[in-house]
Amino acid sequence: MLRYALFRIALMVPLLIGLSLLVFLIGRVLPGDPVGLAAGPYASQEERQAIAAEYGLDQPLPIQYWNYVTGVLEGDFGRSLMTRRPVAGDLANYLPATLELVFFALLLAIVIGIPLGLIAGVKRNGKTDVAIAAGSVSAMSMPPFFLGLVLQLVFGMMLSWLPLSGRLPFTVTPPPGVTGLYTIDSLIAGDFTAFRYSLLHLILPAVTMALAPIATISRIMRASTIEVLQKDYVQTERALGLPSSLILFKYVSKNAASATLTLIGLYVGWLLGSTVLVEKVFDWPGIGLYATNAILNQDFNPVLAVTLAIGVIFIFANLIVDMLYGVLNPRVSHRK
């Protein structure tokens, strides 16, 4: 398994080079005038040239790309054209908020989606199965940004149960930064007020992002459960008189869940991509909101950095999923 992990990590190098090249070229060929936006409408030609030279935008594209890649390898993602701040510092500030949101959304999707699919598979073609199927189709057909607006209207404005936006109220001091994840940092600091409010602020955006994965995971889990229930070894265990609950939780759920692991790994990338819209709706200070503002301002370096960060996280997440797949199903060999 170690050799397979090293092989997969080695494969990341050409993948990341290709990703960085693609995003770099798209960012450079799109119409617009980022130097003009950074310099302002009243800047002189000399000032525009100075900004272009400062950011290396007066160089040919191959040299610009080479300078960018060598800088990234040294941990330098360049500086923002709009704020003039180092992008690496901005990523360090914004990325933990996004990781916390994606983690809770994925946790909701797994904790709710797998049991729902298991129940639907066991109750195949019954009323419960039909109700879960109807709910899944409804959830998958609703765009996340629209769902977020509906949740804000109902639970934030009409019922006033949950906060509309942000990570914490202005009256609550953020916990000392250890991981950057407010829920964990507040527990480390023993600040239960910040912990409670950080959880409350997570609910609406996390549910918004989790609903579609819950629906898909439950459908895949249902199909896997039905398939496993028809296997010979399950029929044999039933014939031997083993309790249905033991067969279900010890054998069926484990084998059926392994089929959903690949889907869960793919959803890491989907959730990271969804943050671009969901963070805008909930004013969540993560890399999605950061990237949205950068795109609107044609600020290339932040967009490149966010795309690369999402790509690296996605590749590592799928590597972990592949390792877990082998743990859940020992018959799967990672040898090439």
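Reader: Let's start with the fold: how many helices and strands are there in the protein?

Author: The protein has 13 helices and zero strands. Here helices (H or I, at least four residues) and strands (E, at least two) are DSSP runs, numbered from the N terminus. Its C-alpha trace spans about 85 × 55 × 40 Å along the principal axes. This is a predicted model, in which local features need pLDDT of at least 70, side-chain atom pairs count only at pLDDT 80 or more, and totals for chains, interfaces and linings use all residues. Residues are numbered from 1 along each chain as its sequence is written, and side-chain values use heavy atoms, with hydrogens and water left out.

Reader: At what angle do helix 9 and helix 11 pack?

Author: Two packed helices are described by the angle between their axes and the distance between the axes. Axes are lines fitted to C-alpha atoms, for helices over the stretch in contact, with angles from 0 to 180 degrees between N-to-C directions. Helix 9 (residues 192–229) meets helix 11 (residues 244–282) at about 160 degrees, with the axes 8 Å apart. The two are therefore roughly antiparallel (over 145 degrees; under 35 is roughly parallel, 65 to 115 roughly perpendicular, the rest oblique). Their contact has 21 nonpolar, nine polar and no charged residues (Ala, Val, Leu, Ile, Met, Phe, Trp, Tyr, Cys and Pro count as nonpolar, Asp, Glu, Lys and Arg as charged, the others, Gly among them, as polar).

Reader: And what about helix 5 and helix 6?

Author: The axes of helix 5 (87–122) and helix 6 (residues 127–140) come within 8 Å and cross at roughly 140 degrees. That makes helix 5 oblique to helix 6.

Reader: Which helices supply the lining of the largest pocket?

Author: Helix 5, helix 8, helix 11 and helix 13 (300–328) each supply at least two residues. Helix 5 gives the largest share, eight residues. The lining divides into 17 nonpolar, two polar and one charged.
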